[in-house]
2 protein chains.
Amino acid sequence: MTQRADGDDGAEPVLTSVGTSGWAGEPAVRTDRASREAVATDWSGHRPAGLPDGVVRARSTEDVVAVLRAASATRTPVVTRGAGTGLAGGASATTGEVVLDVSGMDRVLDLRPDDQVAVVQPGVLVADLDAAAAVHGLMYAPDPASAAIASVGGSIATNAGGLRCARYGATREAVLGLQVVLADGRVLRTGRATTKGVAGYDLTALLVGSEGTLGVVVEATVRLRPRPRRQATTTAFFPDVASAARASTAITRAGVEPAVLELVDAATLEAVDAARGTDLRAGGAAMLLVQTDGDGAEVAARAVLAAVEPWATSSETTTDAERSAELMTARREALPSLQRLGQAVIEDVVVPRSRLADAVTGVEEISRATGVRIAVFAHAGDGNLHPVLVVPEGEDVLSGAPWDAACRVFALAQRLGGTLTGEHGVGVLKRAWLRAELGDVAMDVSAAVKAALDPLGILNPGKAVVDG
Amino acid sequence: MTQRADGDDGAEPVLTSVGTSGWAGEPAVRTDRASREAVATDWSGHRPAGLPDGVVRARSTEDVVAVLRAASATRTPVVTRGAGTGLAGGASATTGEVVLDVSGMDRVLDLRPDDQVAVVQPGVLVADLDAAAAVHGLMYAPDPASAAIASVGGSIATNAGGLRCARYGATREAVLGLQVVLADGRVLRTGRATTKGVAGYDLTALLVGSEGTLGVVVEATVRLRPRPRRQATTTAFFPDVASAARASTAITRAGVEPAVLELVDAATLEAVDAARGTDLRAGGAAMLLVQTDGDGAEVAARAVLAAVEPWATSSETTTDAERSAELMTARREALPSLQRLGQAVIEDVVVPRSRLADAVTGVEEISRATGVRIAVFAHAGDGNLHPVLVVPEGEDVLSGAPWDAACRVFALAQRLGGTLTGEHGVGVLKRAWLRAELGDVAMDVSAAVKAALDPLGILNPGKAVVDG
């Protein structure tokens, strides 16, 4: 083994627990500096002080069992990694830790159209699963904006949301059962292969969103749904973002349940226009993008138009699939477009739907008060805002004015009766705020559950349920 | 205290922990025989050998805290009770145990239409919550057939399903957050008041369906949804139940997602006709009752008619609200109608949707082989069958031919890739089958979670997650 990192003595047995016999023709174990750097963090901007001791690329459940047995025997911390697209530092790893890369376990093992169920390995990309379902007229409903590059395993670990979850729920609602390797190497099966079932505690839901701290998902049985036969996409532009937020509440109040209800502010529209050559900003200082679906898609779209009318400067509905796809892509490209302008740190707060206008107004005030540029887009149907702090390259985003702005955003969400993370998770970045939200008893109970499943504390230590 | 039962010495401190100052003008503590008999079991037909030592009627969170502190101090088992309509013996209680009756905590504390959220106490009846939502054009989606008499707390404890959950999910999908008193009297808050949120482990989902073994729910924050503006109700009749099951699969295959998709067999139709004076049985030997809703309700109903056409002898759609309500009531009255014919023991198995026809055929074979009369109705959209064993009054349903038939039904469901309970829970009746379904590791993990939250094991001992 070359370039063995300084660190915990346990790393070596863990790294040698799996044969080096190749993963797509490459070694299963990597300890060279470039490989360790490649798995040291995710898309959050968080960078730990050191580098992990090495990375093991698992090809099978047996590999994962071997790694965790060795890790338990040597008390070596293990950080499980999927596609590395997390936004809260949940997959960041440092000296003394070994990264367990499951991205190569990427097969759709089974897909039963009549049961509307698929069985997949964790490394399957979310969009690939949805595409496999589409062949049968079905869909995998959870669709984080990163669906094309995010893995199913990672989206389970974070309980990822996305654009369609206003209507169809987040990843938790789509996961029926799991196969999970526990910290000591035991293989746990949870849930079932049916859409309904209540035998025993809901360990599936406990594991979804646990950010790699309770077990390693090696297989998931997920629910598919009929792919809507009709869709209508409505865009509406507004003179300011608060008006757009009020119009969003009006849509909800009208009893419409859109599949997608997205709000995009002026700064984001400008960034998307600059990146993609569109001219969305010319339409107004804020946009709502609303997709209704199902057999009543067009009827619902008319209700949307009526609901936004008092606030909108313009609005229109299209049922053209290509035009719809363009609009959805523009929205999905919001974050990458903002990333071209500097470091883009995406926050992920949720407020009760009726407080959406207060929240966007509050974020504007925070931007003015701190001097930090903040763009906002939102899954408005869920009250889930993504304020994006745009900070010059090289500036530390976890201190000074950017961190002050982020903290004010968290406080704003909690003050409005909301939560500090809607779909990205706590990771390392939001630990400092967790206790204030959950309270002492929930923190204690979470620690007790963690201890029950991972008594040695080797699974992704310092993430998700601990104070920061 | 009069008529103090023989039993655990701890009962007395628990029973005196709450003042006797009255609950709707009646004593908070009851130890008379009639009161103890009234809370000894639920609707499952299970009757423990003894009677509980007494019952405490809680009026507040503080009452529940006082009861559990005293119970912890004296290691007295506590059985929490809502409306007592459970079907698995989950609320049955015996000598040495104290019943904690929360049915009097029955207030809707808050209902925020623009947030589509309600905050309720556990004793609120499910149908009353839905009616409170309806005033604002909203609905509480979970609707067990017993909605008019079942409490929200009990439906959370069992993760109750119902007719609408094919489309809208079970109780778990509707519960956003909980306030729960733990075994030692600590008050735990879980979840949030927003439709989305991933801060910390999903303790809410862990508690939903835990059948009173992890804590006592004293408050729930639930999600409401827009009440569909349009509904269409389609009935189709078939020459036999297997044809109806195949037609149900065809509806799913056609990409329709009905709100309600119920299958009713000949024996059930006859019982309903006898009880209600209808003539449903004249239509055929099996019926599908399909409700589509939303703006595309009628378009979807046409797709339903097309899908069932190859199997149905007749079918028709109505959008008349009164006629729809009549049909739904007939279905909801299925179990009470069968109960007029003898002891009706309702089973609750689920199979993958594509195996529904195999399941109903299998149940018919079990009836023939055991000589036990079995009627079947099903939430066909979920693959959730309710075979109802109709046994002469006085015959023991938990031994001999009835128990043999029940066991064969469980084995059938598991053999077809299903589960032994879709929405009623394990309680005491299905414990013997639990390990075969969950496996040793899941049983061990469940025990570890139970020990983490209730280390003394005083909450509803012997239920839900233990071997029977």
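Strands are DSSP runs of type E with at least two residues, numbered from the N terminus. In this predicted model, one such run is strand β9 of chain A, which spans residues 187-191 and contains V187(A). With a relative accessibility of 31%, V187(A) counts as partly exposed, because that class lies between under 20% for buried and over 50% for exposed. Leaving aside residues up to four places away in sequence, V187(A) touches T61(A), V65(A), Q179(A), V180(A) and V181(A), and also V441(B) of chain B. The C-alpha atoms of V187(A) and V65(A) lie 7.7 Å apart in space, although 122 residues separate the two in sequence.

The average pLDDT of chain A is 93, and 96% of the residues score at least 70. Residues 1-8 of chain A have a pLDDT below 50, and this stretch makes 26 contacts in the model beyond near neighbours in sequence. Where pLDDT is low, predicted coordinates should not be read in detail.

The domain assignment divides chain A into domain 1 (11-101), domain 2 (108-226) and domain 3 (231-415). Taken over C-alpha atoms, the centres of domain 1 and domain 3 of chain A are separated by 36 Å.

One open sheet of chain A has four strands in the order β1-β2-β4-β3, with mixed pairing. Its edges are formed by β1 (29-30) and β3 (78-81) of chain A, each of which pairs on one side only. Strand β3(A) runs parallel to β4 (residues 98-101) of chain A, and four bridges join the two. Within this pair, R81(A) has D101(A) in β4(A) as its bridge partner. Helix α3 of chain A (residues 61-74) lies across β2 (54-57), β3 and β4 of chain A, and runs at about 160 degrees to β3(A).

A second open sheet of chain A consists of five strands in the order β5-β6-β10-β8-β9, with antiparallel pairing. Strands β5 and β9 of chain A are the edge strands, each pairing on one side only. On average, neighbouring strands of this sheet are turned by 10 degrees against each other, direction ignored. Strand β5 (residues 108-112) of chain A pairs with β6(A) in the antiparallel sense over four bridges, and D110(A) stands opposite V119(A) in β6(A). The hairpin of β5(A) and β6(A) has four residues between the strands, and Q116(A) takes a positive phi near 55 degrees there.

Strand β6 (residues 117-120) of chain A is covered on both faces: V117(A) and V119(A) are buried on one side, as are A118(A) and V120(A) on the other. Four bridges also connect β6(A) in the antiparallel sense to β10 (residues 216-223) of chain A, where T221(A) is the bridge partner of V119(A). Strand β10(A) in turn pairs in the antiparallel sense with β8 (residues 175-181) of chain A over six bridges. In that pairing, L178(A) stands opposite A220(A).

In chain B, strand β8 (residues 175-181) includes Q179(B). This residue, Q179(B), is buried, because its relative accessible area of 8% falls under the 20% limit. Residues touched by Q179(B) include T61(B), V187(B), L188(B) and R189(B), when those up to four places away in sequence are not counted.

Strand β19 of chain A, residues 384-391, has eight of its eight residues buried. Strand β16 (residues 343-346) of chain A runs antiparallel to β19(A) and is joined to it by four bridges; V345(A) stands opposite L389(A). Strand β17 (residues 349-350) of chain A pairs with β19(A) in the antiparallel sense over two bridges, with L385(A) as the bridge partner of V349(A). Seven bridges link β18 (residues 373-379) of chain A to β19(A), again in the antiparallel sense, and R373(A) stands opposite V390(A). In the hairpin of β18(A) and β19(A), with four residues between the strands, G383(A) takes a positive phi near 70 degrees.

Helices α16 (residues 431-438) and α17 (residues 440-453) of chain B pack at an angle of about 115 degrees, with their axes 6 Å apart. L434(B), R435(B) and L438(B) of α16(B) make the contact with D440(B), A442(B) and M443(B) of α17(B). By class, this contact has four nonpolar, no polar and two charged residues.

Notes:
Residues are numbered from 1 along each chain as its sequence is written. Chains are lettered from A and ligands numbered from 1 in the order in which they are written. This is a predicted model: local features need pLDDT of at least 70, side-chain atom pairs count only at pLDDT 80 or more; totals for chains, interfaces and linings use all residues. Side-chain values use heavy atoms; hydrogens and water are left out. Axes are lines fitted to C-alpha atoms, for helices over the stretch in contact, and angles run from 0 to 180 degrees between N-to-C directions. Contact means heavy atoms within 4.5 Å. Ala, Val, Leu, Ile, Met, Phe, Trp, Tyr, Cys and Pro count as nonpolar, Asp, Glu, Lys and Arg as charged, and the others, Gly among them, as polar. Two strands pair if DSSP finds at least two bridges between them. Domain bounds come from an automatic or database domain assignment. pLDDT is the predictor's confidence in each residue, from 0 to 100. Buried means under 20% relative accessible area, exposed over 50%, partly exposed in between (1.4 Å probe, protein chains only).
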